[in-house]
Amino acid sequence: MKNILYLTCSPRGAESWSRRIGDDLVARLGGAVLTRNLADDPPPWIDAGFSAAILAPVTEAVPPALAVSEALIREMEAADALVIATPMNNFGVPAPLKAWIDQIVRVNRTFRSTPEGKIGLLQDRPAYLVVASGGWFTGPSPIGTPAQPDFLTGYVRVVLETIGIRSLSVITLEGVTRGADMAAKAVEKARAEMDRLLPP
Ligand SMILES: Cc1cc2nc3c(=O)[nH]c(=O)nc-3n(C[C@H](O)[C@H](O)[C@H](O)COP(=O)(O)O)c2cc1C
């Protein structure tokens, strides 16, 4: 059976647009799901102990400062597919997702630094990023307001590529705070994209 790691990053529970489409996507993938609600249970910030431990020689026993990191990385390794459902906050990832990224992108564990650059150490696997945003960033708004900056999708793509996960698909839900009609259109577009990626 397939194992799916499902990260949810919105604090808005059942009201969350990213969560609603993320739930559908996970159901569509099928399999055993490990859900990590990063908004309710955020990973710790990086502290001095973590910063020192990643630069120390690698030992067989995991140092206590890296225990959380190791547990989160093992969840990734056990997953055949990764689904991240997240809001866009101030053009980028929300803080709990950034905290997770800082725990799992780890030198000599999930990537190596080489003269050619960083080389990912995890197997590639399908990954899906579902992004909900109040405005539009893949193009202008329906009334022609210019697309806002997007430091989220490109950033998550680079982060996952750094650790070896290159098969990323992105589904967006844009304009969801601009009234019921706009939200319905965003959901319709997201579902169409899901059907294209994972035909029912
Ligand atoms: C702190 C904060 C920052 C936000 N920044 C942006 C932003 O930069 N661009 C945008 O389009 N929407 C922004 N929004 C709106 C959210 O992306 C939108 O409400 C989205 O639906 C939240 O996702 P969710 O429905 O999964 O909770 C922001 C919302 C909050 C609370």
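**View 1. Strands S6 and S7 pair in the parallel sense over 7 bridges.** Two strands count as paired if DSSP finds at least two bridges between them. Helices (H or I, at least four residues) and strands (E, at least two) are DSSP runs, numbered from the N terminus. This is a predicted model, in which local features need pLDDT of at least 70, side-chain atom pairs count only at pLDDT 80 or more, and totals for chains, interfaces and linings use all residues. Residues are numbered from 1 along each chain as its sequence is written, and side-chain values use heavy atoms, with hydrogens and water left out. Strand S7 spans residues 168-174. Because 6 of its 7 residues are buried, S7 is largely enclosed by the rest of the structure. Buried means under 20% relative accessible area, exposed means over 50%, and partly exposed lies in between (1.4 Å probe, protein chains only). In a regular strand the side chains alternate between the two faces of the sheet.

**View 2. Ser133 lies in strand S6.** Which residue of S7 stands opposite Ser133? Glu174 does. Ser133 is buried, with a relative accessible area of 2%. Leave out residues up to four places away in sequence, and Ser133 touches Met88, Leu173, Glu174, Gly175 and Val176. Contact means heavy atoms within 4.5 Å.

**View 3. Strand S1 runs parallel to strand S2.** The two are joined by 6 bridges. S1 covers residues 3-8, and S2 covers residues 32-37. Leu5 stands opposite Leu34 in S2. Why is S1 described as largely enclosed by the rest of the structure? Because 5 of its 6 residues are buried.

**View 4. Asn90 and Phe91 sit in the loop between S3 and H4.** Strand S3 is 81-87, and helix H4 is 95-104. Asn90 is not a glycine, yet has a positive phi of about 50 degrees. Phe91 is also a residue other than glycine, with a positive phi near 70 degrees. Is Asn90 buried or exposed? Asn90 is exposed, with a relative accessible area of 75%. Phe91 counts as partly exposed, at 36% relative accessibility.

**View 5. Thr153 belongs to helix H5, residues 153-163.** At 15% relative accessibility, Thr153 counts as buried. The side chain of Thr153 makes a polar contact with the side chain of Asp150, at 2.4 Å. A polar contact is a pair of N or O atoms within 3.5 Å; within protein, one must be able to donate a hydrogen and the other to accept it, and residues adjacent in sequence count only if both atoms are side-chain atoms. Beyond its neighbours within four places in sequence, Thr153 is in contact with Leu129, Val131, Phe137 and Val170. The buried residues of H5 are Thr153, Val156, Val159, Leu160, Thr162 and Ile163. Gly164 follows H5 and has a positive phi, near 110 degrees.

**View 6. Pro140 is in the loop between S6 and H5.** At 55% relative accessibility, Pro140 counts as exposed. Pro140 touches Thr145, Pro146 and Ala147, not counting residues up to four places away in sequence. How far apart in space are Pro140 and Arg196? They are 23 Å apart, C-alpha to C-alpha, and 56 residues apart in sequence.
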